[in-house]
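Take a look at the model below. Then follow the helices, a few at a time.

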Amino acid sequence: YVACMKYWDEALSLWVQLQERERIAGVHRKMAGVLWDDMGDVVKATGHHKEALKLLEAEPKSIELASLYEDMAHMYLLSEDATKALSWAERALDLAKELNAQEVVAGSYATLGRILINTGDVEKAVECLERALKMALDNDYVETALWAYSQLPGALPVEKYERRLECYEKGYELAKK
């Protein structure tokens, strides 16, 4: 991950020289993702998110901005700040829908579903995760489909054991492909 961050820093320098604001923000988002998800450094990740927000919110609405909102929601979900996670997930979903960015819409539904599991609204969580899964499978968004498959069983009632098992099995088969 240290090598990854080194290369992202180099890429960031190049995009800064070219004054490509959206690409600069994209690198900041990707750096934040490695920092919070792989290296466990939420503080540094938050700094990169803030840099990306500063750049993108000064520009016209974009898919990169919706992706940034979704990434922030996911980070806050994993750092157990459900209020912030929910707020960013809803923003991501609204903007992605507005821009017809279907992959971000699917990812946002999956993230929102996971957040809703944590907040106890499992009925709405199932709805969001089912929607994310359908969109992901229909459009070959494999990572989102795998995440939805892995999260959906946790939202389903215990008595839905067959559906829960089916999610795990189908997720496993998709992962093997």
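What follows is a walk through some of the helices and their contacts.

This is a predicted model, in which local features need pLDDT of at least 70, side-chain atom pairs count only at pLDDT 80 or more, and totals for chains, interfaces and linings use all residues. Residues are numbered from 1 along each chain as its sequence is written, and side-chain values use heavy atoms, with hydrogens and water left out. Helices are DSSP runs of H or I with at least four residues, numbered from the N terminus.

Start with a pair. Helix H3 covers residues 42-56 and helix H4 covers residues 63-78. Their axes lie 11 Å apart and the packing angle is about 155°. Axes here are lines fitted to C-alpha atoms over the stretch in contact, and angles between N-to-C directions run from 0 to 180 degrees. That angle makes H3 roughly antiparallel to H4, a term for angles over 145 degrees. The crossing of the two, H3 and H4, is left-handed: the near helix is turned anticlockwise from the far one by less than a right angle.

Which residues of H3 and H4 meet? From H3 come Val42, Ala45, Thr46, His49, Ala52, Leu53 and Leu56. From H4 come Glu64, Leu65, Leu68, Tyr69, Asp71, Met72, Met75 and Tyr76. Contact means heavy atoms within 4.5 Å. By class, this contact of H3 with H4 has 11 nonpolar, 2 polar and 2 charged residues.

Ala25 has 0% relative accessibility, so it counts as buried; the cut-off is under 20% relative accessible area, with a 1.4 Å probe and protein chains only. Beyond its neighbours within four places in sequence, Ala25 is in contact with Ala52, Leu55, Leu56 and Glu64. The C-alpha atoms of Ala25 and Leu68 are 8.6 Å apart, though 43 residues separate them along the chain.

His48 sits in H3. It is buried, at a relative accessible area of 15%. Not counting residues up to four places away in sequence, His48 touches His28, Met31, Ala32 and Leu35.

Move on to helix H7, residues 122-139. Its 18 residues should span 26 Å at 1.5 Å a residue, and its end C-alpha atoms are 25 Å apart, which agrees. The expected span is 1.5 Å times one less than the number of residues. Buried in H7 are Ala125, Val126, Cys128, Leu129, Ala132, Leu133, Met135 and Ala136. These buried residues of H7 pack against helices H6 (102-119), H8 (142-155) and H9 (161-176). After H7 comes Asp140, with a positive phi near 60°.

Terms used: Parallel < 35°, antiparallel > 145°, perpendicular 65-115°, else oblique. Nonpolar A, V, L, I, M, F, W, Y, C, P; charged D, E, K, R; others polar. Buried < 20%, exposed > 50% of the residue type's maximum accessible area, 1.4 Å probe, protein only.
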